[in-house]
Amino acid sequence: MAAEKLKDLSQPIDVPLLDATVAAFYGTGSKEERAQADQILRHLQNNPDMWLQVVHILQQTKSLNTKFFALQVLEGVIKYRWNALPAEQRDGMKNYISEVIVQLSSDEASFRAERLYVNKLNIILVQILKHDWPARWRSFIPDLVAAAKTSETICENCMAILKLLSEEVFDFSRGEMTQQKIKELKQSLNSEFQLIHELCLYVLSASQRTELIRAMLSTLHAFLSWIPLGYIFESTLLETLLKLFPVPSYRNLTLQCLTEVAALSFGDYYNVQYVKMYNIFMVQLQSILPPTTNIPEAYAQGSSEEQAFIQNLALFFTSFYKFHIRVLETAQDNISMLLMGLEYLINISYVDDTEVFKVCLDYWNSLVLELFDAHHNMDNPAVTANMMGLQVPLLSGMVDGLGAQLLQRRQLYAGTMSKLRMLMICRMAKPEEVLIVEDENGNIVRETMKDNDVLVQYKIMRETLIYLSHLDHEDTEKQMLKKLSKQLSGEDWTWNNLNTLCWAIGSISGSMMEDQENRFLVMVIRDLLNLCEITKGKDNKAVIASNIMYVVGQYPRFLRAHWKFLKTVVNKLFEFMHETHPGVQDMACDTFLKIVQKCKRKFVIVQVGENEPFVSELLSALATTVADLEPHQIHTFYESVGHMIQAESDPHKRDEYLQRLMALPNQKWGEIIGQARQSVDVLKDQDVIRTVLNILQTNTSVASSLGTYFLSQISLIFLDMLNVYRMYSELISTSIAEGGPFASKTSYVKLLRSVKRETLKLIETFLDKAEDQPQIGKQFVPPMMDPVLGDYARNLPDARESEVLSLFATIINKYKAAMIDDVPRIFEAVFQCTLEVSLLFIYLFHA
């Protein structure tokens, strides 16, 4: 390839040939040509002398890609070798780069046409500055400012360079430079900022050019977080920014600058200026965005610039209030503007944009928490005084004054807080998400995604609404019930409105006094049940049913105190378990489990007016109740009843309940084992295998909630279960031996392995949940030695179950003393085939 001669750098590089090579790399050539071009360009980049050709290439080429390649080579040298180069070479390169930038940006046409190239040259210049300025290039800022005043396009580019420099020093410097170098650059920027400040004011006073003023505002935005405050508050800068704010072409950039100013906080010294700035801003905002504007609607229909304005407005208000809201509270003249700004922020919070809402929610949460803390600590004046920054001994009169001040502050924000309650109710996030997924065994199961944005948002909103409820229980209750009545009347009926309302109602559980909460919940459930009765359509009824279940599940204190209501709720859940609309049965089973876990004792005692405990009544109708449930729902139901039985203190009753609970699966298990004794081929049928798997999963669910008290049930099926395990293991080994590794992927082998894994899971669950009783270990471990451990040792690698190791790790960890005699046999079974895991066993045994 002709391009090979590019590798000879003893003479000026052939630029047309380099252009062709770069073009080939970027896709004009064949695949082979691209590969060859890539190899040559990499060679050139790695050649330490290549950078000496950069000026020659930039002067000769017309290709933008070639220019970028040359600048990439130069960037590498600046980053890693700049300080090692001779002074004359460094000076020559930075002078050349500066000249090219001035040349290209002095003419409007070339500046626009070559904008990408100029931007890259700006980056290169800033990389050089990080090394040479200020020590070796002390005149840089004066030179730049002087050049900026010669031409508006040069000035625009100078602003871009200054912005880049600020970002490199203050935002992106970590990991790029030493702390000493960063400190030196920051001091230099601070000390020379007067010249930059004067340039900014000069641009604002002398130029009408939109692009230049926008560039200046963009640069100023990068500076405002670090420049000395005097340049902001003791010059005309802030006043000028406020004048530019109404101009549409500068509005967003100006608002970003004002937001940076709003986020600064250095004590009370500039409070007067902040108040003046806020009031002028609010007057101008009313003409730009009248208070009567439907902001969510305007946002939805607005251009990208208009939407960005709303986003920036949210950032401005939240930044200003976080640091300066107290200043606005102090004077009556400012309070009306403060409340108007909060009204704007409430309206912005309804905008259908997740990021905008997060900004608003973060502030609302902090404001409500602050008001709640003051309200909550009114009984403890020392705490309150400290919170408000009063570091002085408190006299009784002062305490009274402080209480009045806190009360006055609460009253000031009462209207805003009421509107905020409605916002939280209308926008409450989903408390949890249920997804149907396929697990590793090919089964369709439920998976709850706990760690996601929606759940995080729900937690913040729930916390905010609880604080709001504490601040005014009456208003919270009134707003929720009013919104619920609108659902009943049909005035406000939608699925989303009902969902968010019920999620909000559920979220404030425990925030009211018990009597008030009881009265409130009775009215809510009554209205929801009425809504369910009068609303037509299965979809509608399913939405209402899911909300009824969610709300009742959130109020265990009420349920524990009102047996008849609790019984009614549970029976209603049993009704929902026959409703085949997607999601309703899942929700019913989940809610039943949640309620039982929190109220389990109530189900095993004879309640007033009852003939027997509810658990006994439930067990009598068990077959009917679960008749329409899917297997995974039945497992949840059985787990719930297991929690009930676990709460029974009488061992005889407990065993009787367990026997009745397991009657259906035990009957089916007995039939299968009986048929297998006649002909073992019965166990090979896929429907039978699925039934066996389902029975084992049901047992695992009950074992997880019953713990030690599951002993009688597992003892009943244990030996037969091990025989089934042994047989299925042999079937798996035979299938893999005959069919090879691919056989392990077949649905039949997967199904067999699911039974083996569930067997191991059941045993591990029981042993792990059971109390530490040596006789349990002695009863269950010896029979497992050959069917489980021996099988693991004998099996083909592809047929081994890792759950065996997990099970015996649990056994050794829990029953150490009782298992000493069996440890050698366990090691013998796993050591040869699982050396690494054996080290884990040693660790666990000695832990």
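## Aromatic pairs

A search of the whole structure, a predicted model, finds 34 aromatic pairs. In one of them, the ring centres of Phe 233 and Tyr 270 lie 4.5 Å apart. Their planes meet at 20 degrees, so the pair is stacked. This pair links distant parts of the chain. Phe 233 belongs to helix H13 (residues 230-233). Tyr 270 sits in the loop between helix H15 (251-262) and helix H16 (271-288). The two residues are 37 residues apart, and both are buried.

Phe 574 and Phe 614 also form a stacked aromatic pair. Here the distance is 6.3 Å centre to centre, with 25 degrees between the planes. Phe 574 is in helix H30 (residues 563-576), and Phe 614 is in helix H32 (residues 614-620).

## Charges over rings

Arginine side chains meet aromatic rings as well. The charged end of Arg 251 sits over the ring of Phe 309, 5.8 Å from its centre. Arg 427 lies over the face of Phe 357, at 4.2 Å from the ring centre.

## Around Gln 585

Gln 585 is found in helix H31 (residues 584-599). With a relative accessible area of 7%, Gln 585 is below the 20% cut-off, so this residue counts as buried. A polar atom of its side chain lies 2.8 Å from the backbone oxygen of Met 577. The backbone oxygen of Asp 628 is 2.9 Å from a polar atom of the Gln 585 side chain.

Beyond its neighbours within four places in sequence, Gln 585 has contacts including Phe 576, His 578, Leu 629 and Gln 633.

Terms used:
Residues are numbered from 1 along each chain as its sequence is written. This is a predicted model: local features need pLDDT of at least 70, side-chain atom pairs count only at pLDDT 80 or more; totals for chains, interfaces and linings use all residues. Side-chain values use heavy atoms; hydrogens and water are left out. Helices (H or I, at least four residues) and strands (E, at least two) are DSSP runs, numbered from the N terminus. Buried means under 20% relative accessible area, exposed over 50%, partly exposed in between (1.4 Å probe, protein chains only). A polar contact is a pair of N or O atoms within 3.5 Å; within protein, one must be able to donate a hydrogen and the other to accept it, and residues adjacent in sequence count only if both atoms are side-chain atoms. Contact means heavy atoms within 4.5 Å. Rings of Phe, Tyr and Trp (its six-membered ring) pair if their centres lie within 6.5 Å; planes under 30 degrees apart count as stacked, over 60 as edge-to-face and the rest as tilted. A charge sits over a ring if NZ of Lys or CZ of Arg is within 6 Å of the ring centre and within 35 degrees of the ring normal.
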